[in-house]
Every structure is written in C-alpha cells, then in structure tokens.
Amino acid sequence: MIFCTNGGLSVYNGTKFSNFTTENGLPHNWVFCAHQTSNGEYLLGTGQGVVKLSEGKIIPFAEDHDSILKNVGVWTMYADSKSNIWFGTQKKGAIKFNPSKNSFNTISTNDGLDYAFVRTIVEDPQGNLWIGTIKGLNKIDKKNHISSMRMKENETTVTVTSSLLSKDGHLFFGTLSGLDKYSARKVERFTDNNGLISNSLMAILEDREGNIWMGTDGKGVAKLRYKGEVFRNYSIKNNLPNDDVRSIFQDSQGNYWFGSSGGITRMKPDGTVETFTVMKGGMKLGIATSTYSIAEDNDGKIWFGTRKNDEACFVYDGKKFSTYSKKDGFSDDAVNMVLKDRQGKMWFGTNEGVTIKDGKNFSVIPGMEKKKVWWIFQDNKSHFWFATDNGAIKYDGSSLEFFSKKDGLVDGRVRTIVQDAHKMYWFATDEGIFSYDSKTFRKIDQTSGLSSNTAYSLLLDGKYSLWIGTNKGLNRLNIDRYFNEKEIVIKQYGKEDGFIGVECNGNAAFKDSKGHLWFGTVKGVTIFNPEMETVNTNEPITHITNLRLDFAKFNWTDYADSTDITGLPIHLVLPYNKNHITFDFVGVSLTIPQKVKYQYKLEPLESSYSPPTSQNEAVYPHLPPGEYKFVLKAKNNDDYWNNQPVEYDFIINPPWYQTWWFYTLCVIALVAGIWSFIVMREKNLRKQKQILEMQVQERTAELREEKEKVEQVNLEVLEKNKIIEHKNKDITDSINYAERIQVGLLPSEARIREKLPQHFILYRPKDIVSGDFYWFGSVGNKSIIAVADCTGHGVPGAFMSMIGHNLLNQIILRMGITVPGEILTHLNNNLKIAFRQSEHSKTNDGMDIGLCCITDNTILEYAGAQRPLWLVRNNELTDTRGNPTPIGGITEENFAYTTHRFEIQKGDSFYASSDGYQDQFGGPKGKKFMTKRLKEILVQMQPMPMDEQSLFLEKNRREWMNGTSINNKPLYEQVDDVLVMGLRF
C-alpha cells in the first residue's frame with residue numbers, strides 16, 4: 001500500500017512501513033499522487049516533478065526530458081486508453097507522455113485550456129479526454145480539439161477537484177460546489193440540498209457495488225446510490241397539508257387524491273398540489289380530515305369515506321362537494337371503505353355493516369349489523385369479502401359465510417383482503433398475514449421474515465409480488481415462489497432503503513396507471529418505482545475480526561504458532577479450562593450495511609447454520625475438548641450470500657485425567673488392585689480362625705468396658721449436638737446473606753416507578769430465598785418487565801432465578817432484543833445451553849415466565865411460557881394465555897414463543913403472576929385459592945390505586961391461609977413462593 005503525504009511517501013508491505021523523503025531521493029516531501037505502471041513500478045507526483053519507485057528505490061523519471069516536469073507540482077496522473085500517461089500540473093497545464101516514443105506534449109492555456117492548474121483528468125467511453133482545472137472543465141476530443149466548459153455557481157467559477165468514469169459509463173466530477181453527473185444529454189448536480197454533508201468535494205471513488213463515495217474538505221465521507229430514486233416521498237415539504245396519509249386514489253383523469261389528517265388533497269398530472277378547504281369560525285380548515293377510503297363512480301364523481309357525524313361520505317362532482325350520511329340511507333356515519341364493483345354499484349363498509357348504492361337507492365346487507373367493516377373486496381367469482389374486527393366474511397349475494405380462528409384465520413381484526421393471479425386469497429391481520437386457497441389458511445409472520453406481525457395493508461403489483469405495509473416498514477412477498485415452491489421469500493424495506501415513512505396506514509396502498517406503487521404512511525406518501533430498482537449481486541466481504549476469551553480480549557501468543565495480519569491466532573491449541581470463546585466478525589457490503597446478516601455454525605458441535613442474525617458475534621461457552629471448525633457466511637441487502645464461507649480451525653485439549661495415558665494407568669492400577677485383593681483375601685481367610693478364637697476372649701473384656709463406652713458416647717453426642725447447632729446457624733446465616741444478594745439483584749422500586757408510575761409487585765417468598773423473581777429493564781423508548789417462576793423454591797429455586805435474571809440481562813440489555821416472543825426463544829435456548837439440556841439429557845429444570853414490552857405507554861407486547869396475562873378494561877377481564885410450553889427442560893430448541901400485542905387505552909390494568917398465589921391452601925375447607933377466585937378479586941379491586949391493590953391482595957391471602965387462626969398465626973403454611981405484578985395506564 002502506498003501513502004502519499006505532506007511529509008514524504010510511506011509504503012506498507014503487510015508487516016512494516018518503509019518511508020521515503022528528500023533524504024532518500026524524493027525531489028520534494030509533498031507527494032500528491034501515485035500511479036502504477038504496467039511493469040509494476042510506481043510514478044510519484046511531487047511538489048517538484050515526477051520520480052519512480054522501483055524495487056524499493058527512488059530513481060528519476062524520463063531523465064532526458066525531465067526539465068518539462070522539473071520544479072512543478074504534479075497533482076494528478078492518468079493513463080488513457082492508448083497507454084499515454086497524463087500529468088496534471090500546478091503551473092504548466094496538462095502534460096502527455098507517450099512511452100513508446102519517449103516524448104512529451106504540453107497542453108496549456110495557449111492551446112485553449114481554461115487554466116494552467118489541473119486537478120483531475122479522465123477519459124470517457126468515446127475516447128474524449130476531460131481535464132478539470134480550478135476554473136472549470138475542458139474537453140479534448142479525438143481530433144485534439146479543446147473546448148472549455150466553464151461551470152458557474154452563483155456567478156462564481158466552479159473548481160473541479162476530482163473525476164470518475166463509473167462502471168456503467170457515466171462521468172462524475174467532484175467540485176467545490178457539489179457533485180456533477182454527466183450523461184448523454186444532461187448534467188445532474190448533487191449538493192447539500194440532496195443530502196450531501198458538504199459541497200466541497202476533494203476526491204471521488206466507486207466501490208465494487210456501484211456506490212459513489214466522496215471525500216469532503218473536512219466534513220467526512222458521503223455515499224451516493226445514483227442508480228435512481230426507487231422510492232420518492234411526498235410530505236408537508238411538498239405541499240401536502242399533513243404527513244399522516246390514510247387513503248390514496250388515482251381518478252380517470254390522472255389526478256391523484258390523498259386523504260390525510262389535513263383534509264382532501266389533489267395532485268394534478270403536472271405536479272400541482274391543491275388542498276380543498278372550507279371556512280369555519282373564521283379559520284380555513286381542510287375538508288374531510290378523517291378520509292379513510294376514496295373511489296370514483298361511473299359518473300366520474302369522487303367518493304370520500306369519512307368517520308364524522310352526519311357526514312359519512314363526501315362526493316366531488318368536479319366543481320363542488322356534497323355529503324351523504326345515515327339519514328340518506330347509510331348504515332352508519334363512520335365509513336371505512338368505498339368500493340365500485342364491476343357492475344358499477346358503490347359499496348360502503350361502515351362501523352355498522354355494509355351499505356350498497358345502486359343508482360339512487362341505498363340498501364344494507366342483512367346480518368351485518370354491529371359488524372365493523374374495514375375493507376370490501378370483489379373476487380374473481382364476483383363474491384364479496386368483508387374484513388371485520390372479528391375475522392372475515394364472504395357474501396355470495398344471498399348468504400354470509402364467516403371465517404375466524406376455528407377455520408385457521410383469526411378472531412380479531414382483519415384489515416385488508418386481496419386475491420392474486422393464482423386465485424389465492426390474502427388477509428392482513430394483527431397476527432401477520434394469511435393465505436387461503438379456498439381450503440386451508442396458512443400463516444406468515446415475523447418468524448417467517450415479516451418485519452412485524454401488525455399488517456396494515458396489502459397490494460398486488462400485477463407481476464409476482466405481494467406488498468405488505470406494516471407498522472415497522474414495507475415487505476415484499478414473492479407469491480410465485482410461494483405458490484409453486486411453497487417457499488416464503490420476503491424482502492424488507494425500511495428507512496435505510498428510502499422508505500422513510502416506516503409505519504404504514506391501513507387502506508393507504510394503491511397502484512397507479514404507470515405501475516408505480518403508492519403507500520400512505522405517518523410521514524407522508526411514498527412511491528415505489530419498480531423500474532428504478534436494482535439488485536446488488538455483490539456478496540459481502542466477510543472476515544473474522546477477533547477472537548475473545550470470556551468476553552475479553554486475550555493474548556493468544558502462548559497458544560498459537562503465530563498471528564496473522566488481523567491479529568487472529570494461527571494453529572490455535574487451547575487447554576481445557578480456556579473454553580469460553582467469542583468470535584467477532586464483519587461482512588462488508590456498503591450499499592446498505594444495516595441489512596447485512598450472518599449465519600454460522602461450529603462443527604462438529606453444530607450440524608446446521610444458525611438463523612440469520614444482525615449480531616456480529618457468536619458466543620460459545622463451556623466448549624468440551626475436541627477439534628473445531630467455525631464456519632461463517634454473510635448476505636447483503638438483496639439476500640446474496642457468500643459462495644465460499646469463512647472458516648477458522650482450533651483445538652481444545654482435554655484435561656490430564658481424560659488423556660489416553662491416564663486411562664492406561666487406571667487399567668494397570670485396576671488389574672494390580674484385583675490381584676492384590678485376591679492375595680489379601682487368601683491371607684485373611686487363614687487368619688480368620690485365629691481371629692474368631694480371640695474374639696471370644698475379647699468379648700468378655702468388651703462387656704466390662706461397655707458401661708464406660710456408653711457414658712463416653714453420651715458425652716460425644718452432647719458435643720456433636722452443639723456442633724450441629726453451630727453448623728445450622730452458619731447455614732441459616734448463609735441463606736440469609738443469599739437472600740440479601742437475591743433481593744439486591746431485583747430491580748429497585750424507584751427504577752420501575754420512573755418508567756411505570758402506576759404499578760405494584762407483591763413478592764412473598766416461601767422460604768428465605770425464592771424461586772420466583774421479577775425483572776425490569778429499558779431499551780430506548782421500550783420498558784420490559786417480567787414475572788418468572790423457576791423450578792422448585794428455596795435455595796435451588798434461587799439459583800435458577802439468578803441464572804434467569806442474568807440471561808435476561810444478556811438477551812435484552814446486551815443483545816438489544818425487545819420483542820417478547822424472541823426474548824423467550826433466546827431465554828429457552830440459553831438456559832438449555834447453561835444446563836447442557838438436550839433430548840438425551842435428564843435435566844428438566846426450567847421456568848415459567850410472563851414478559852411484557854411497553855412502548856411509549858401506548859403499545860404493550862406480551863409473551864408467556866405457561867403464564868397468562870390478564871387485562872382488565874371497563875371492569876371486564878380478558879385472559880391472554882401464553883404458550884403452554886416452559887422455558888428449558890424438554891422444550892425443543894428454537895421454540896418460537898408467540899408475541900401478543902395490545903393498544904393501550906387509558907385506565908387499562910394488566911396483571912401477571914406466578915402460580916403461587918392461587919396455589920395457597922386455606923379457607924373453611926382447606927382448599928386451594930384457585931385462579932378463578934384471583935380473577936374475581938382483580939376485577940373487584942379496580943377502583944383502588946395500585947399501591948392499595950397490593951395491600952388488598954396480601955390481606956386476602958393471609959385471611960385465606962388463616963382459616964380459623966390460633967394466636968394470629970396462619971392455620972395453613974405457605975406452600976409456594978408468591979409473586980403478583982400489576983400495571984395501570
């Protein structure tokens with residue numbers, strides 16, 4: 001590697017640096033540029049001419065003609081297609097050197113060059129040479145005709161500092177006023193208005209993925225993906241009245257209509273934006289600020305479905321707006337969906353069923369009363385489908401057919417229904433999306449690759465993709481591969497791809513007449529242009545960057561032959577007690593680095609790759625002795641994986657007592673022991689007779705001494721009792737100290753109250769220490785709280801609780817995982833690793849747990865392992881059951897726990913508990929308290945503040961256990977640890 005500096009030249013050969021200055025032959029210590037010739041030599045442009053670097057020595061360049069380049073600063077060098085070498089100088093313009101003729105030719109201001117200070121030179125695909133100076137750009141065509149293309153910015157001459165011919169034949173010029181892209185017919189300039197961090201560009205470079213990188217004058221590096229705007233965004237900055245766009249439509253005249261919180265907006269084909277307003281109370285307000293659907297009827301009138309009293313629909317006839325409402329025949333004033341069917345009838349989905357307009361007559365569909373309809377769809381058989389809050393409904397014109405969880409769909413909200421070219425139906429729900437082939441429902445959710453289970457919109461692009469708008473970005477499903485190969489292939493689009501809105505809105509997805517896809521988001525409208533999308537086929541450059549021991553850096557010198565250039569040990573052999581290994585790695589893909597994902601495995605410990613992950617480390621604790629190979633691969637933003645994985649081999653030696661020579665010694669010792677036993681046995685048999693005779697005599701003496709021995713034994717027993725009492729006190733003191741440690745690990749009340757002001761935690765261990773524990777932490781705007789019940793109680797349970805507490809710290813706080821279902825999946829896997837549990841092991845220790853993630857006190861996500869979550873809303877209790885599968889034990893690896901999502905309403909109360917409270921015995925007949933009785937108490941105590949609720953629960957527990965109390969002591973003992981958590985918003 002060659003480094004040109006203001007203090008000379010530095011050359012790095014991979015292990016050390018060699019430095020060259022004027023003392024080593026450089027004519028000047030300022031080295032501006034370097035160029036490698038075809039024979040491997042380097043030409044160096046300095047502050048006083050050009051020299052060669054050949055075989056580690058500085059030698060003159062073109063000595064016979066050196067006077068042309070002597071004493072002049074050479075800023076750039078370039079080899080053209082004819083093997084001529086061009087020198088851009090500070091005072092003499094551009095100088096061309098012809099190696100075959102050993103001749104020089106100077107092009108200066110006398111020849112038409114606009115200025116003598118040349119900063120950059122490049123040749124285009126047509127053979128024209130472009131020369132950038134501090135006053136503009138010059139072009140030399142094939143006939144050597146020079147034309148000046150002086151560029152200006154605000155009447156100031158633009159300095160051209162750098163140039164690039166991209167792989168696809170475009171010319172780029174870096175200037176002090178931005179980046180200029182030259183194509184066949186136009187010049188496109190990129191400045192800080194387009195997102196550049198600085199307009200003063202000093203260097204430009206194209207990477208292997210086609211990204212253009214620009215070095216600025218003191219403000220870092222910028223990257224340009226110039227292939228075209230795959231996503232374009234319209235927002236308040238583009239004259240939209242509001243960024244929260246909830247409906248989109250293109251009419252027969254080519255006008256685009258948007259319904260947002262700011263009212264109705266029309267964008268004409270020429271780009272003119274117009275918002276329709278009305279004067280109310282002296283203020284100009286947007287018309288229909290709650291428009292959720294738009295459609296055009298056969299007369300060219302535009303219908304806008306709204307949710308406003310006395311204004312169910314607005315209708316625009318090209319001149320003015322009129323309104324329709326419940327008094328005109330609508331089933332309700334809240335209209336969520338407007339559809340024109342193939343016969344020209346207008347259908348309206350409302351909060352109270354479906355209304356049909358046929359000509360001038362309105363009618364409602366019987367049986368749909370009290371059904372909130374979000375979407376209406378007409379399939380290929382002209383049957384109508386309704387998406388409701390309680391599943392989906394099919395209407396054949398005379399009867400209704402209901403689809404819900406019993407059929408394989410959901411009992412909750414369905415937002416959108418579409419049908420693809422394969423006649424497959426698709427449903428958007430809060431639990432992911434569902435496909436339906438008229439026989440079976442199949443679910444696709446986050447475990448299958450969706451960015452979120454909350455699907456707001458569905459849109460078919462007419463080719464092979466289904467576009468899914470969620471609250472966490474846009475997803476594209478390849479429906480051809482899904483139909484033909486039963487393979488789920490999903491590509492996610494987020495902010496880093498240009499989809500800046502991220503959170504999509506329901507009903508706000510539309511394909512226009514040009515095939516462009518429009519999506520309404522909380523940050524405006526985003527348009528996807530399929531023609532602009534390119535596929536990055538360059539696989540990431542993947543490396544293992546570091547190897548750590550016990551999560552810390554380590555000097556491997558004593559255990560390896562040597563280290564490579566990156567510091568990784570070569571031929572690593574470790575002792576058995578250095579077996580906690582962490583691999584750090586990186587996959588370099590510069591197009592969208594955030595979307596690089598990894599898979600790895602450690603052979604022979606793992607036979608298959610890990611699931612794709614964004615984490616760039618792999619942790620392997622407690623590795624047994626053996627020979628290992630770590631195999632790693634990465635994929636880029638377009639799912640192109642490494643063809644050849646990266647591999648690293650190492651060995652962990654066994655301890656001395658597991659070596660072959662130790663086993664040999666054991667066998668020898670065993671044989672010798674058996675032989676010695678036989679010899680001694682024979683000797684003992686010979687002596688046995690003599691011993692029996694002596695025993696008769698000895699027995700007589702023993703009887704005389706028996707009394708003395710009994711007395712001595714009594715004294716010893718008393719002494720041992722004192723020792724036992726002392727040991728018991730030591731053990732009790734240790735357990736009490738363990739209690740202090742366990743309590744110290746639990747999150748403080750003040751810390752929880754800071755994030756969740758209205759809460760309580762009732763925590764009553766059965767013994768001194770507890771197998772129940774609770775955990776709390778926060779990541780960004782998310783608060784996570786968990787209630788866990790470990791196997792056993794007392795000391796064994798306490799040990800398990802501490803392991804669970806530490807694993808949650810690692811998964812949530814260190815790995816940054818906040819989705820409850822994913823947290824429990826990782827907790828299950830890590831607990832099995834910690835206890836070395838497998839299908840062949842006998843260790844079934846584990847835990848039951850309920851875990852909540854609260855985002856901004858507006859969204860609560862929950863996952864449970866054998867523990868439910870109880871929601872009390874409006875004095876009604878809803879029981880959300882977790883998976884009937886514990887953490888650890890016999891649970892399969894990578895078991896996917898379900899995440900439940902709740903939109904928090906004011907006054908909601910959530911409760912989670914271990915099974916201890918309801919398992920306590922007591923009452924008049926000495927029976928268990930039971931879950932049913934606990935639910936009744938939770939509803940009964942809703943008027944109380946959360947602190948009083950905790951006291952109320954404890955009081956009920958004690959009264960239940962007292963039965964008929966004696967001396968105010970519970971008649972029944974506590975049989976298990978008690979833990980109950982309550983949250984109120």
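1. A crossing of two helices is left-handed if the near helix is turned anticlockwise from the far one by less than a right angle, and right-handed if clockwise. By this convention the crossing of α7 and α8 is right-handed. The structure is a predicted model, in which local features need pLDDT of at least 70 and side-chain atom pairs count only at pLDDT 80 or more, while totals for chains, interfaces and linings use all residues. Residues are numbered from 1 along each chain as its sequence is written, and side-chain values use heavy atoms, with hydrogens and water left out.

2. Two packed helices are described by the angle between their axes and the distance between the axes. For helix α7 (residues 931-940) and helix α8 (residues 946-962), the axes come within 11 Å and cross at roughly 145°. Axes here are lines fitted to C-alpha atoms, for helices over the stretch in contact, with angles running from 0 to 180 degrees between N-to-C directions. Helices (H or I, at least four residues) and strands (E, at least two) are DSSP runs, numbered from the N terminus.

3. On the α7 side the meeting residues are R933, L934, I937 and Q940; on the α8 side they are F952, L953, N956 and W960. Contact means heavy atoms within 4.5 Å. The residues of this contact comprise five nonpolar, two polar and one charged. In that count Ala, Val, Leu, Ile, Met, Phe, Trp, Tyr, Cys and Pro are nonpolar, Asp, Glu, Lys and Arg are charged, and the others, Gly among them, are polar.

4. R933 also lies over the face of F929, at 5.4 Å from the ring centre. K595 is placed over the face of Y493, at 5.6 Å from the ring centre. The criterion is NZ of Lys or CZ of Arg within 6 Å of the ring centre and within 35 degrees of the ring normal.

5. The structure holds 72 aromatic pairs, where rings of Phe, Tyr and Trp (its six-membered ring) pair if their centres lie within 6.5 Å. One aromatic cluster is formed by F583, F585, Y598, Y600, Y620, Y628, F630, Y648 and F650.

6. W385 belongs to strand β41 (residues 384-388). W385 is buried, with a relative accessible area of 1%; buried means under 20% relative accessible area, exposed over 50%, and partly exposed in between (1.4 Å probe, protein chains only). Not counting residues up to four places away in sequence, W385 touches several residues, among them W375, F377, F403, Y425, F427 and Y436.

7. L756, in the loop between α4 (749-755) and β64 (759-764), counts as buried at 3% relative accessibility. Leaving aside neighbours within four places in sequence, L756 is in contact with F776, I785, I854, N857, L983 and F985. L756 and F985 are 229 residues apart along the chain, and their C-alpha atoms are separated by 8.3 Å.

8. N71, between α1 (66-69) and β8 (74-79), has a positive phi near 60° and is exposed at 56% relative accessible area. N875, between β69 (869-873) and β70 (876-880), has a positive phi near 65° and is exposed at 55%.

9. A cis peptide bond joins E603 and P604, with omega about 0°. P604 is in the loop between β60 and β61 (617-620). T591, in the loop between β59 (581-588) and β60 (597-603), is buried at 6% relative accessible area.

Terms used
Phe/Tyr/Trp six-rings, centres within 6.5 Å; stacked < 30°, edge-to-face > 60°.
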